[in-house]
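Here's a quick briefing on how one fold is put together. Have a look at the model first, then we'll go through the packing and the sheet.

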Amino acid sequence: RNFFRTEKTKNDFNVIKSVDNAINILKPQLDNHNINIKFKGEDFLTNGIENELQQVILNLVNNARDAILDNNIEHGQIIIDISKKNEFGTISIEDNAGGIPDDIIDRIFEPYYTTKEEGKGTGLGLYMSDMIIKETMNGKLSTKNTDNGAKFTISLALI
């Protein structure tokens, strides 16, 4: 019930609990596609609109799921790692779907840019996620390719 609240007031909240709530919404879908999700980390307190951070987590995990399915990855895996260092906390979401092509990785946060086939994506998910992290959470959203796939990192200020 709390997930769908339209409250726009910034509050202090625990990141692990927030991310866990978002994952629990998607867990049945992931299980249905035999996608393993690993969730680990060190909790931290941040300030922002918790529901909007959860929307970003949902979007990033959904994109990872889609990439795993589109690339026919037999043992799909999504790893969410939460950590803190100095005055920042990070949430990283990494998949094993092969990564984002180098020629487009710099464009994925642009509005209306999509890698999905016609009718399956609007090109607004990552753009909106980036805007939420910047404007609502005063943070940063970035991505890079790893040996196994794509890794998105959200950096947030600690309280």
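Which residues in H1 meet which residues in H2? On the H1 side they are Ser18, Val19, Asn21, Ala22, Ile25, Leu26, Gln29 and Leu30, and they meet Glu50, Leu53, Gln54, Ile57, Leu58, Val61, Asn62 and Arg65 in H2. Bear in mind that this is a predicted model.

**H1 against H2**

- The residues of this contact split into nine nonpolar, five polar and two charged.
- As for geometry, H1 and H2 pack at an angle of about 35°, and their axes are 9 Å apart.
- The H1/H2 crossing is right-handed.

**H2 against H3**

- Helix H2 covers residues 50-70 and helix H3 covers residues 125-136; their axes come within 10 Å and cross at roughly 150°.
- An angle over 145 degrees counts as roughly antiparallel, which means H2 is roughly antiparallel to H3.
- This crossing, of H2 and H3, is left-handed.
- From H2, the residues involved are Glu52, Leu53, Val56, Asn59, Leu60 and Asn63, meeting Gly125, Leu126, Ser129, Ile132, Ile133 and Thr136 in H3.
- Sorted by type, the contact of H2 with H3 has six nonpolar residues, five polar and one charged.
- Leu53 turns up in both helix contacts of H2, the one with H1 and the one with H3.

**The sheet**

- Five strands make up an open sheet in the order S2-S4-S5-S7-S6, and the pairing is mixed.
- Strand S2 (36-41) and strand S6 (140-145) sit at the edges with a single partner strand each, so each has one side left without a neighbour in the sheet.
- On average, neighbouring strands here are turned by 15° against each other, ignoring direction.
- As background, strands of a sheet pair through backbone hydrogen bonds, either parallel or antiparallel.

**Strand by strand**

- S2 and S4 run parallel, paired over six bridges; isoleucine 37 has isoleucine 78 in S4 as its bridge partner.
- S4 and S5 are antiparallel and joined by eight bridges, with aspartate 81 standing opposite serine 92 in S5.
- S4 and S5 also form a hairpin with two residues between them.
- Threonine 90 has serine 155 in S7 as its bridge partner.

**Helices on the sheet**

- Helix H1 (residues 15-32) lies across S2, strand S4 (77-85) and S5, and runs at about 170° to S2.
- H2 lies across S2, S4, S5, S6 and S7, running at about 25° to S5.

**Aromatics**

- How many aromatic pairs are there? The count comes to one aromatic pair.
- The ring centres of phenylalanine 109 and phenylalanine 152 are 6.3 Å apart with the planes at 90°, so this pair is edge-to-face.
- The pair links distant parts of the chain, since phenylalanine 109 is in the loop between S5 and H3 while phenylalanine 152 is in strand S7, 43 residues apart.

Note on methods: Residues are numbered from 1 along each chain as its sequence is written. This is a predicted model: local features need pLDDT of at least 70, side-chain atom pairs count only at pLDDT 80 or more; totals for chains, interfaces and linings use all residues. Side-chain values use heavy atoms; hydrogens and water are left out. Axes are lines fitted to C-alpha atoms, for helices over the stretch in contact, and angles run from 0 to 180 degrees between N-to-C directions. Helices (H or I, at least four residues) and strands (E, at least two) are DSSP runs, numbered from the N terminus. Angles under 35 degrees count as roughly parallel, over 145 as roughly antiparallel, 65 to 115 as roughly perpendicular and the rest as oblique. A crossing is left-handed if the near helix is turned anticlockwise from the far one by less than a right angle, and right-handed if clockwise. Contact means heavy atoms within 4.5 Å. Ala, Val, Leu, Ile, Met, Phe, Trp, Tyr, Cys and Pro count as nonpolar, Asp, Glu, Lys and Arg as charged, and the others, Gly among them, as polar. Two strands pair if DSSP finds at least two bridges between them. Rings of Phe, Tyr and Trp (its six-membered ring) pair if their centres lie within 6.5 Å; planes under 30 degrees apart count as stacked, over 60 as edge-to-face and the rest as tilted.
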